[in-house]
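Trainee: I would like to go through the labels attached to this model and ask what each of them rests on.
Mentor: Go ahead, one label at a time.

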Amino acid sequence: MQELDDTDKTFETKELTISLGPQHPATHGVLRLVLHLNGETVVKCTPYVGYLHRGVEKLGENRTYFAALPLSDRLDYISSMNNNVGYVNAVEKLFGIEAPARAKFIRTIVAEMGRLSSHIIWLGTHVLDIGATTPFLHAMAAREKILDLFEILCGARLTVSYPRVGGVRNDISQQFLDELYDFVLDFPSKMDDYETLVTENRIWKDRTVDIGVISREEAINWGLTGGTLRGSGVDYDVRKYAPYDAYDQVEFDVPVGKKGDCYDRYLVRVEEMRQANRIIKQCVEKLPAGAVMADAPKFTLPPKDMILKDMEHLIHQFILITKGPSVAEGEVYVGTEVPKGELGFYFVSDGTGKPYRMRVRAPSFVHASVMPRLCEGGLIADVIANIGTIDIVLGECDR
Amino acid sequence: MQPIAIAENIKDRFPEEVLDIREFREQVSVTLKKGRIVDICRYLHDDPSLYMDFLVDLCGLDYKGKKENRFAVLYNLYSVEHRHRIMLKAEVEESEPSIDSVISVWRGVDWHERECFDMFGIVFKGHPDLRRILLPEDWEGHPLRKDYPLKGPGPDMEWKGFTDVLDRAKRYKEFDWYQK
């Protein structure tokens, strides 16, 4: 009888603190969230980052502009091509040189391929976190095709370092172009398949509609970029409003959402994938002929066959590799649109071959900081949806 | 608006605060005194013709031995509506490395200021939660300062968390996992 009496008493709840991550598979890396829970409601959310801090900015200051390029691969390791493109664009702006037209088109192609592969993996993992396994398997198969194409292009699949300051490392082959074009023609039907599985799925909509809502003004004030910002209805895309590479010569739309919830951000990114496909198709069709490295001997490495034949070129290459080029004193900031948002490189040059200060403006860092704003007041299950929807990679966040 | 016009606008409005205006590759940076940084940011954010609603980036700079004031804090501002950009640089002296926080203007500056404090030791007055962010809480020194060695403080000054892990690994090695 004593036990029955106990159950009649009012049920006392107390605030529970749990640590989500850093090893939790749904945190997409080593993000740790300390959640204070009242029942199932999140009262307070505190993110902890830095588990993957490698000091990229400090390392960059101690390397020449050429040698720091592979560091940018390791920022957002699932779309390293886009980071390389961002890095070389910033360095080119600092040097005051411009890549030839063919190199610009090739860079646009590979950057959009990187965007596709990153968005595909985002789609797969985001829906996997929420409980759908099938799209993940299909998504990984499509991503594999893009990685194979990267392998044909430059030999590497993940850390590519393919774009170079002043152009790209090597010209693309006919085999690459043929296989890419086949992929591009086939891709819209694949997108239709994914969307059939997800977009109108009732469970999916229950889990994402009106979850993690952030208004237009607030999204800008928090400094969000990329799909996370456009989901809130802000028409801001670096590719459109400060075009780099060949983005001013292709047609594409910038999709924007209405409400700013998880579902809108999903729709925006899915449409972005279709647009990326459209950009690649146009670039392949318009691809101009010509050189793939800029004719700027003071800032770009001489061609390999000339180094082996000619003494002057050998000396020139030696100086560029050991000392680095002599750069005008000044500072530049160049932002590029990577799959996660706006990736910016800020360089301060003091006239030597190494940057005096290299700063990486990482979109994931800002997006991780908005987690408390999105999660507090919601349910603990929505925390997982929110982590998926802001699309962070911790390698970039921690740098 | 052209970036140089924005710089002139700031100079007209706050003549005593502006120290220098520089243009390099069509990008303009305005060097400021740190005293009224919040007022200047508030003005840039609220003025309808400027409307710098988006703080792209905030980072620290260390000009050790190059400039009179050792540190600087860089504010990279952009207007989503007008699509123009300006960079502000507030000078911070070495003797008192602190500056007012602009978190009241842009909420997203939170982690940028924490990172700047972590890496340079610049204190942001008025920041609600100024802790280290990328490095452990008990880390000593500020790595992005120019006098911090690239390979760390040295073998006998390792971070305590690291030596603890080494000790633990040693103890576990001695433990007999397969005892009968």
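**Labels and their grounds**

Trainee: Why is A:G21 called buried?
Mentor: The model is predicted, and A:G21 has 20 other C-beta atoms within 10 Å. Buried requires 20 or more such atoms, so A:G21 is buried.

Trainee: Where is A:G21 found, and which residues is A:G21 in contact with, leaving aside its neighbours within four places in sequence?
Mentor: A:G21 is in the loop between β1 (16-20) and β2 (32-38) of chain A. With those neighbours left aside, its contacts are A:T27, A:V30, A:L31, A:R32 and A:L33. As for A:P363, 342 residues apart from A:G21 along the chain, the two C-alpha atoms are separated by 21 Å.

Trainee: How do you know that the radius of gyration of chain A agrees with that of a compact globule?
Mentor: A compact globule of 399 residues would have a radius near 21 Å, and chain A has 23 Å, so the value agrees. The C-alpha atoms of chain A fill a box of roughly 100 × 45 × 35 Å along the principal axes. Buried residues make up 50% of the 399 residues. Chain A has 18 helices and 8 strands.

Trainee: What makes β6 and β8 of chain A edge strands?
Mentor: Each of β6(A) and β8(A) pairs on one side only. The open sheet has 3 strands in the order β6-β7-β8, with antiparallel pairing, and the twist averages 15° from one strand to the next.

Trainee: How do you know that β7(A) and β8(A) pair?
Mentor: Pairing needs at least two bridges, and 6 bridges join β7(A) to β8(A), therefore these strands pair. Within this part of the sheet, A:V348 stands opposite A:R357 in β8(A). Helix α4 (residues 80-95) of chain A packs on the sheet and touches β6 and β7 of chain A. The direction of α4(A) makes about 155° with that of β6(A).

Trainee: What makes up the contact between the chains?
Mentor: Chain A gives 31 residues and chain B gives 26 residues. On the side of chain A that touches chain B, at least two residues each come from α2 (56-61), α9 (216-221), β6 (330-338), β7 (341-349), β8 (355-361) and α15 (363-369) of chain A. The largest share, 5 residues, is from β6(A). By type, the residues on this side are 12 nonpolar, 11 polar and 8 charged.

Trainee: Why is helix α3 (residues 110-120) of chain B called mostly covered?
Mentor: In α3(B), 10 of its 11 residues are buried. Among them are B:W111, B:F117 and B:F120. What covers these buried residues includes α15 of chain A, together with β3 (54-62), β4 (71-78) and β7 (123-125) of chain B. B:G121 follows α3(B) and has a positive phi, near 75°.

Trainee: Which residues have the most contacts inside the largest nonpolar core?
Mentor: They are B:V73, B:Y75, B:L77 and B:I122, in a core of 152 residues. Helix α5 (residues 101-130) of chain A gives the most to this core, with 14 residues. Leaving aside neighbours within four places in sequence, B:L77 is in contact with B:L44, B:M52, B:L55, B:V56, B:R85, B:I86 and B:L88. In soluble globular proteins, nonpolar side chains tend to be buried together.

Notes. Residues numbered from 1 in each chain as written. Chains lettered and ligands numbered in written order. Predicted model: local features only at pLDDT ≥ 70, side-chain atom pairs only at ≥ 80, totals over all residues. Contact = placed C-beta atoms within 7 Å. Helix = DSSP H or I, 4+ residues; strand = E, 2+ residues; numbered from the N terminus. Nonpolar A, V, L, I, M, F, W, Y, C, P; charged D, E, K, R; others polar. Axes fitted to C-alpha atoms, helices over the stretch in contact; angles between N-to-C directions. Rg over C-alpha atoms; globule rule 2.2 N^0.38 Å. Buried ≥ 20, exposed ≤ 12 C-beta atoms within 10 Å, placed from the backbone. Core = buried A, V, L, I, M, F, W, Y, C linked by C-beta atoms within 7 Å.
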